[in-house]
Amino acid sequence: MHFNVGIIGATGMVGQRFITLLENHPWFEIKVLAASSRSAGKTYEEALGERWAMKAPLSDKIKKMNVYDAVKDMDKIVSEVDFVFCAVDMKKDEIRALEEAYAKKECPVISNNSAHRGTKDVPMIVPEINPEHAEIIHAQRKRLGTKKGFVAVKSNCSLQSYVPAIHPLMKFGPKNVLTCTYQAISGAGKTFERWPEIIDNVIPYIGGEEEKSEQEPLKIWGKIEDGEIKNATSPSITAQCIRVPVSDGHLAAVFASFDKKPTKEEILTAWKEFKGVPQELDLPSAPKQFLNYFEDDNRPQTKLDRELEGGMAVSIGRLREDTQYDYKFVCLSHNTLRGAAGGAVLMAELLAAKGYLD
Ligand SMILES: NC(=O)c1ccc[n+]([C@@H]2O[C@H](COP(=O)([O-])OP(=O)(O)OC[C@H]3O[C@@H](n4cnc5c(N)ncnc54)[C@H](OP(=O)(O)O)[C@@H]3O)[C@@H](O)[C@H]2O)c1
């Protein structure tokens, strides 16, 4: 399997992650880097300036690549790639238009942006949870008038720990879920150098994050009906999202009640035994064990556990009964790996394996 890919928003925090994940990818080869008109026409190294925030060094090949203008150079870009990853900081209506324009030029878009997450025929796929939502792409292509082009989106990074943890428990009918998330600064596209005010500080507001954390899971757990994804109506989720001074990794404290309260052993077994299509297909970026329970009360810790299985696995700990809900626990996922670029790469692998990118 071989696909030429473009990264739209390549100079940003998520774009940089895409570069590190795709440089040695067995199926996907980086052919195009694109960003705003501010970066266009420069080499990637010039466009980036001091912004490289990844631990892995930037390779000479990528440093020297020319950066395209994501809007003005669209025709050139689509002629050079089989599909694009997109993670840009623009207004929502501009992103919607940009992504649909690529799709209409028969270039599939795998997006990290939130602009199309509410669009009823755009699948929002967590590959282990709702791979079957890819089927809605047929309806979307009909609407767009395309043969190949479509948009598929990643969900918000905040929910990437607790939705996977709750998913294997759906058979017990989760009804009320409360979550407080402790979110890393890379989720705001920031580093400590560029955001010194966050050091020794906690900020109790992340614009739009609580609504996304409460609503997006219901689309992920929704069903395809009449060419649309109809949202699930339960569980009812309430969220508080807090920015904390860590570089990477979103941790969530979760409380949950069920229609049929499971035993602690039943929950632990459900987590341990859970496998999704990425594991069955052995996709290149799939973690071997998606959900990992730690017995130690001190785990998971953001700094120690965020990189588990290349940052693609979810860590869970501290499962215990609660006085107001049935159970409470803590879970963690890497926000720019599983929660952003890594999750998008895994989604692209799933779509490639299922023939949607041909
Ligand atoms: N960080 C995360 O953990 C995370 C997680 C999930 C989703 N996301 C989403 O991913 C997207 C990008 O986030 P980020 O943190 O990577 O942002 P970022 O670091 O601020 O990077 C933004 C990128 O967008 C490009 N851009 C800005 N205006 C543009 C325009 N008019 N045309 C084309 N490109 C333009 C920038 O290019 P220039 O360098 O040329 O300005 C840069 O490459 C956002 O929608 C965000 O919500 C982020």
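The points below go from the whole chain to a single pair of strands.

This is a predicted model, in which local features need pLDDT of at least 70, side-chain atom pairs count only at pLDDT 80 or more, and totals for chains, interfaces and linings use all residues. Residues are numbered from 1 along each chain as its sequence is written.

**Whole chain**
- The protein chain contains 13 helices and 14 strands; these are DSSP runs numbered from the N terminus, with helices being H or I of at least four residues and strands E of at least two.
- Along the principal axes, the C-alpha atoms fill a box of roughly 60 × 50 × 35 Å.

**Burial and contacts**
- Of the 358 residues, 48% are buried (20 or more other C-beta atoms within 10 Å of the residue's own, with C-beta atoms placed from the backbone).
- Among contacts (C-beta atoms, placed from the backbone, within 7 Å) with a separation of 6 or more, 77% join residues 24 or more positions apart.

**The six-stranded sheet**
- An open sheet of mixed pairing has the strand order β10-β7-β11-β14-β13-β12; two strands pair if DSSP finds at least two bridges between them.
- Its edge strands, β10 (236-243) and β12 (291-294), each pair on one side only.
- Strands β11 (residues 250-258) and β14 (residues 327-333) run antiparallel and are joined by seven bridges.
- Val254 has Phe329 in β14 as its bridge partner.

Conventions. A residue is buried if 20 or more other C-beta atoms lie within 10 Å of its own, exposed if 12 or fewer, and partly exposed in between; C-beta atoms are placed from the backbone. Two residues are in contact if their C-beta atoms, placed from the backbone, lie within 7 Å.
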